[in-house]
Amino acid sequence: MIIAPSLLASNFGRLEKEVKRVNAAGADWLHLDIMDGHFVQNISFGPAVVKTLRPFSKLFFDVHMMCSKPEILLEPFARAGANQINIHVELGAQVTPLIWRIRALQCKVGLAINPPTAISLVQPYLAHIDSLLIMTVNPGFGGQSFIYETLPKIQQACAWRQEKKLKFHIGVDGGIDFKTAPECAQAGADAFISGTALFNQRSLKRAVKKMRLDCKKFELVETA
Ligand code: DX5
Ligand code: ZN
């Protein structure tokens, strides 16, 4: 079970402290949302910010590219210290070359899918990715409500993973809180990206621990 706080929900006025806080909280990944104002209607931060934050943490940096032209940013993010780069399946024909480019940069490969996109679109790539990121809100902003219609996608991805004996993570991103995280775990998710719900807690450490334990209960039920 991977718990990945999303930096988007942190205080941008003191990013260094926030990254150190995520580190000390015992989280597994730090999720970094990159928005270009075109693929989504918001702008976040770029490789220079990620590079600045890299020395403050040994956490696995999970970069989520919500960008129309990720090809121009892959190398800058890899150099900035990304461990995994997620690109969107909605980019169509570009997906395969992007996957190979990310691999060539020695980063793990993530593939993200938006709520309205059919899950069948990710199927051809499953043997070539390390992580599938199922968006559980329409990307662009933190603090939105979880879209329940995405749950069957998690179940389908989990069934394919078992069937094909693959090992990719199934991540969920958007509206993940103490209620929805266990629901996603029950459906087969194992990586939980959470911004608002985690950063809103007074003790991030306790929140990370609680979310992990709550999700693990379902992991045990599944393997029993
Ligand atoms: C949404 C981003 C998410 C976001 C999640 O576009 O991809 O990673 O930070 O934030 P919450 O947990 O607040 O929905
Ligand atoms: Zn994200």
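# Close-up views of a predicted model

**View 1. Val-172 and the residues around it.** Setting aside residues up to four places away in sequence, Val-172 touches Leu-133, Ile-134, Thr-136, Ile-154, Cys-184, Ala-189, Ala-191, Phe-192 and Ile-193. The model shown here and in the other views is predicted. Val-172 belongs to strand β7, which covers residues 169-173. With a relative accessible area of 0%, Val-172 is buried.

**View 2. Helices α5 and α6 where they pack.** Helix α5 spans residues 151-163 and helix α6 spans residues 180-187. The two helices pack at an angle of about 35 degrees, and their axes are 8 Å apart. An α-helix has 3.6 residues a turn, so residues three or four places apart point the same way.

**View 3. Helix α6 and its end.** Helix α6 is largely enclosed by the rest of the structure, because six of its eight residues are buried. The buried residues in α6 are Thr-180, Ala-181, Pro-182, Cys-184, Ala-185 and Ala-187. Just after the helix comes Gly-188, with a positive phi of about 125 degrees.

**View 4. Two loop residues with positive phi.** Most residues other than glycine have a negative phi. Gln-106 is not a glycine, yet it has a positive phi of about 65 degrees. Gln-106 lies in the loop that runs between α4 (95-104) and β5 (108-113). Its relative accessibility is 72%, and Gln-106 counts as exposed. Lys-165 is likewise not a glycine and has a positive phi, of about 55 degrees. Lys-165 is placed in the loop between α5 and β7. Lys-165 is exposed too, with a relative accessible area of 71%.

**View 5. Ser-57 in its loop.** Ser-57 is found between α2 (47-53) and β3 (60-66), in the loop that joins them. Although it is in a loop, Ser-57 counts as buried, at 6% relative accessibility. A polar atom of the Ser-57 side chain lies 2.9 Å from the backbone nitrogen of Leu-59. Apart from neighbours within four places in sequence, Ser-57 is in contact with Val-19 and Asn-23.

**View 6. Phe-39 and its contacts.** The loop between β2 (29-35) and α2 holds Phe-39. Phe-39 is partly exposed, with a relative accessible area of 22%. Leaving out neighbours within four places in sequence, the residues in contact with Phe-39 are Met-66, Cys-67, Ser-68, His-88, Glu-90, Leu-91 and Asn-114. One of them, Ser-68, is 29 residues from Phe-39 along the chain, with 5.0 Å between the C-alpha atoms.

**View 7. Phe-146 and Tyr-148 as an aromatic pair.** A pair of aromatic rings is described by the distance of the centres and the angle of the planes. The count of aromatic pairs in the model comes to three. One aromatic pair is formed by Phe-146 and Tyr-148, with 4.8 Å from centre to centre and 75 degrees between the planes. This arrangement is edge-to-face. Phe-146 is buried, with a relative accessible area of 10%, whereas Tyr-148 is partly exposed, with a relative accessible area of 36%.

**View 8. Arginines over phenylalanine rings.** Arg-54 lies over the face of Phe-61, at 3.6 Å from the ring centre. In another part of the view, the charged end of Arg-161 sits over the ring of Phe-168, 5.9 Å from its centre.

View 9. Pro-124 has its place in the loop between β5 and β6 (131-135). At 57% relative accessibility, Pro-124 counts as exposed. Pro-124 and Thr-96 are 28 residues apart in sequence, and their C-alpha atoms are 9.7 Å apart in space.

How values were computed. Residues numbered from 1 in each chain as written. Chains lettered and ligands numbered in written order. Predicted model: local features only at pLDDT ≥ 70, side-chain atom pairs only at ≥ 80, totals over all residues. Heavy atoms only, no water. Axes fitted to C-alpha atoms, helices over the stretch in contact; angles between N-to-C directions. Helix = DSSP H or I, 4+ residues; strand = E, 2+ residues; numbered from the N terminus. Phe/Tyr/Trp six-rings, centres within 6.5 Å; stacked < 30°, edge-to-face > 60°. Buried < 20%, exposed > 50% of the residue type's maximum accessible area, 1.4 Å probe, protein only. Lys NZ or Arg CZ within 6 Å of the ring centre and 35° of its normal. Polar contact = N/O pair within 3.5 Å; in protein donor to acceptor, adjacent residues only side chain to side chain. Contact = heavy atoms within 4.5 Å.
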